[in-house]
Amino acid sequence: ATIIVIMIALRFTLQSLKNIEKQANEISGGHFTSISLPWTLEIRNVAKSMNGMSTKIGEMIARLNGKLEVLNDSVKRDPLTQLFNQSSFETDLKQLLITGETGYAAFLKFDRLADIAKDKGNKEVDKILIDFAKLLTHKENESVKAYRLYGSEFTMLFPNFELAEMEACTQYLKEKITEIGQRYEINDLVHIGIIKITRSSDYNKLLPAMVEAYEEAKLIGNNAYNIKEDSIGSMSDQDWKSTINAVIDNNSPVITLTSEAFHYKGSLPSKVMQEAFTVVKDQSGNNLSIGTFFSMAQEFDLEEKLDQCIVNKIIELMEKHRETTPVTINLSMTSIASNNFRLWLNTRLKTTKVQSNLLAFSVTAYAASKNLSAFSDFSKHVSSLGATTLLKRYSSDIIDVSALKDLNVSYIRLARDLTREISINSNKSDLLDIMQEVTGFLDIKVIAESVESDDDFEHVKASHIYAIGR
């Protein structure tokens, strides 16, 4: 009977220890759980301590996440007008093209801001700019966003607008701009150039086209606007489809390894990540925008086939050069969510000599945010194959840092603007410190890319993030 009692007691004790071990593993994975208290005093005290630690860490991350939200918003805005800044505009415009939405983009500029400052003083100019910004943000359609690029230049995005709606909105802006000018005794204040955006629009041609439309508006009259309906794309839809099929059928993407990132702990930096960059050409041999290329591939349900083609070429390149540094491989969310793609990947990895831990499959944080469960499932799947996942262009306003624990992601690569001029921007510095602290708890490696200035580099290096690219 004594032996039975001892065995029962031992069984309960071991079960309690297993529960504590399970809780410790969950905490290390970012899940801050509690367990029921065991009956033995010593183990009960240990369980209490574990529960208390789990609760405190979870609460701390929640508090830090709240601070990140405030800091993230501040670094994306112009300090005077509180409009979104140029970096935010570039990101939003790219995302608009990637998602395939149509609409319009506007370039708005004060023609003689320097002369106005000379006549009326800088304080008066600030008032005019603030009044103008209030006009741009006073709108019924919440999808419309306004940005201050710098000085006298502003932009706006109008997703899913039709021409009639765009004309009515711009006419309203013209009338209100005229009223602002009258208040400050300025007859000709702002001109507006507007272009149409489609899925096939070439990103690199959009801003020059907007400026061209603005220049034409200046010839029309005071505070005039000009809407250009011409497509900014370089090819028809049928030409795009034919070109994409040709690239896949001829296995013609050109792969280079670039965007090297280095770990700076120790006497010498060590390369710890690089990115596979894809170049595609049209049938005349001209380079095509890879973002537009993938957007059009999505239009024709060719994304997955294109991803398979590119991944295969990357693996072949890594085999040829016997790569020993991990490589970021960009995928579409279509492939991320596809069971067929996972089956294809399983088969492909079985036939390669490249070590799976050298493959870091990547999507943008914005793309992943549209289907977090699919990204999480894919991360688990490639982890079972020995590979990893990476979120690029990450900022905590797109995906909360508290949500990262559920995504099984190994790396995050910060949006470039988060480290640009970080040495002179305390908000960006605080944001990076908090992000590094939280991701440290979650065992996620942080990479900064394209850190240009030496001052910024030294500042980021001092934060002890995992790697820096220049």
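**Ground rules.** I am working with a predicted model, in which local features need pLDDT of at least 70 and side-chain atom pairs count only at pLDDT 80 or more, while totals for chains, interfaces and linings use all residues. Residues are numbered from 1 along each chain as its sequence is written, and side-chain values use heavy atoms, with hydrogens and water left out.

**Entry: the open sheet.** I looked up the order of the strands and found five of them in an open sheet, β2-β3-β1-β4-β5, with mixed pairing. (Helices, H or I of at least four residues, and strands, E of at least two, are DSSP runs numbered from the N terminus; two strands pair if DSSP finds at least two bridges between them.) The edges are β2 (145-150) and β5 (225-228), each of which pairs on one side only. From one strand to the next the twist averages 20 degrees, where angles run from 0 to 180 degrees between N-to-C directions and axes are lines fitted to C-alpha atoms, for helices over the stretch in contact. I then followed β2 to strand β3 (residues 153-159) and noted an antiparallel pairing over five bridges, with K145 standing opposite L157 in β3.

**Entry: helices on the sheet.** Helix α3 (residues 86-98) packs on this sheet and touches β2, β3 and β4 (190-197), its direction making about 130 degrees with that of β2; contact here means heavy atoms within 4.5 Å. Helix α7 (residues 203-218) lies across β1 (103-110), β3, β4 and β5, and runs at about 135 degrees to β4.

**Entry: helix α9.** Which residues of helix α9 (residues 290-299) are buried? I listed T292, F293, F294, S295, M296 and A297, taking buried as under 20% relative accessible area, exposed as over 50% and partly exposed as in between, with a 1.4 Å probe and protein chains only. Their cover includes α3 and α7, along with α8 (237-249), β7, β8 (287-288) and α10. Just after α9, I noted that D301 takes a positive phi of about 55 degrees.

**Entry: α10 against α12.** Helix α10 (residues 303-321) and helix α12 (residues 339-350) have axes that come within 11 Å and cross at roughly 20 degrees. The two are therefore roughly parallel to each other, a label for angles under 35 degrees, whereas over 145 counts as roughly antiparallel, 65 to 115 as roughly perpendicular and the rest as oblique. On the α10 side the contact is made by E304, D307, Q308, V311, N312, I315, E316 and E319, and on the α12 side by N340, F341, W344, L345, R348 and L349.

**Entry: parallel strands.** Strand β7 (residues 270-281) pairs with strand β9 (residues 327-330) in the parallel sense over two bridges, and E275 has T328 of β9 as its bridge partner. Four bridges join β9 to strand β10 (residues 359-364), again running parallel, and here the partner of T328 is A360.

**Entry: two single residues.** Is S463 buried or exposed? S463, in the loop between α16 (454-462) and β14 (467-469), is buried, with a relative accessible area of 11%. Leaving aside neighbours within four places in sequence, S463 is in contact with L432, D433 and Q436. By contrast, A114 of helix α4 (residues 113-120) counts as exposed at 59% relative accessibility. The C-alpha atoms of A114 and G151 are separated by 9.5 Å, although the two are 37 residues apart along the chain.
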